Amino acid sequence: MELQQSIADSPYGYPDWRSVTYIGARRGTGPDEDALGRFGARFAARVLDIGVLVVVVLLASVLTDFAGDALPALLAMVVVGGYEPVLTAVYGATLGKRLCGLRVVRRGEGSGLGFGRALWRWACVLVGCAVPVLGVVNLLRCAWDRPYRQCLHDKAADTVVRRAQC
């Protein structure tokens, strides 16, 4: 069966729909693409942060072996658990993010995070790392997410990673 009438000439629908101008703000526009942290910088920052945490755990392990006390291991657990949320809430970035020139801010506002939001963001990272496939998808998502380049933990906490202002 062949279509007898073109869709543009159809009596069903809005006449001259192609000539209607759009009024208002454009949907889907996000922040300036150059202001957002790129995947390479974010990946390097995460590797640096993991390196810092590994050094803390190894140092605590050595101290626990030599001292025979569980206090260094307990302190290491506190440091590992509080490293990202405390630094993100206070400074807007962890050591790795600062070295890579990145800063975590609230989406839309551009202001810093409170401790609760930073803790929620870190908890989402930890939950993602507990499920291997979800952890990989979480950390790689910022490579293809548009317009804000958010990982899953950024979406959950409503944050974006921006380049730090020099």
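Where is the place of Asp 158? Asp 158 lies in the loop between helix 6 and strand 2 (159–163); helices (H or I, at least four residues) and strands (E, at least two) are DSSP runs, numbered from the N terminus. The model is predicted, local features need pLDDT of at least 70, side-chain atom pairs count only at pLDDT 80 or more, and totals for chains, interfaces and linings use all residues. Residues are numbered from 1 along each chain as its sequence is written, and side-chain values use heavy atoms, with hydrogens and water left out.

The chain has six helices and two strands. Along the sequence they follow the pattern α-α-α-β-α-α-α-β. Of the 166 residues in the chain, 28% are buried, where buried means under 20% relative accessible area, exposed over 50%, and partly exposed in between (1.4 Å probe, protein chains only). Among contacts (heavy atoms within 4.5 Å) between residues at least 6 apart in sequence, 66% join residues at least 24 apart.

On the helix 1 side, the residues in contact are Arg 46, Asp 49, Val 52, Leu 53, Val 56, Val 57, Ala 60, Leu 63 and Thr 64. They meet Pro 72, Ala 73, Ala 76, Val 79, Val 80, Tyr 83 and Glu 84 of helix 2. The residues of this contact divide into twelve nonpolar, one polar and three charged. In this division Ala, Val, Leu, Ile, Met, Phe, Trp, Tyr, Cys and Pro count as nonpolar, Asp, Glu, Lys and Arg as charged, and the others, Gly among them, as polar.

A second pair is helix 4 (residues 115–130) and helix 5 (residues 132–140), with axes that come within 5 Å and cross at roughly 130 degrees. Helix 4 and helix 5 are therefore oblique to each other. Cys 124, Val 125, Gly 128, Cys 129 and Ala 130 of helix 4 make the contact with Pro 132, Leu 134, Gly 135 and Asn 138 of helix 5. Six of the contact residues are nonpolar, three are polar and none is charged.

The largest nonpolar core consists of six residues: Ala 45, Leu 102, Val 104, Leu 113, Ala 118 and Val 161. Such a core is a set of buried Ala, Val, Leu, Ile, Met, Phe, Trp, Tyr and Cys residues joined through side-chain atoms within 4.5 Å. Not counting residues up to four places away in sequence, Ala 118 touches Pro 85, Thr 88, Ala 89 and Leu 113.

The loop between helix 5 and helix 6 (152–157) holds Arg 149, and Pro 147 is in that loop too. The peptide bond from Arg 146 to Pro 147 is cis, with omega near 5 degrees. Arg 149 has a positive phi of about 55 degrees although it is not a glycine. Most residues other than glycine have a negative phi, and most peptide bonds are trans. Arg 149 counts as buried because its relative accessibility is 7%. Leaving aside neighbours within four places in sequence, Arg 149 is in contact with Glu 33, Leu 36, Gly 37, Arg 38, Arg 42 and Cys 142.

Asp 158 also has a positive phi of about 55 degrees without being a glycine. With 26% relative accessibility, Asp 158 counts as partly exposed.

Note on methods. Axes fitted to C-alpha atoms, helices over the stretch in contact; angles between N-to-C directions. Parallel < 35°, antiparallel > 145°, perpendicular 65-115°, else oblique.
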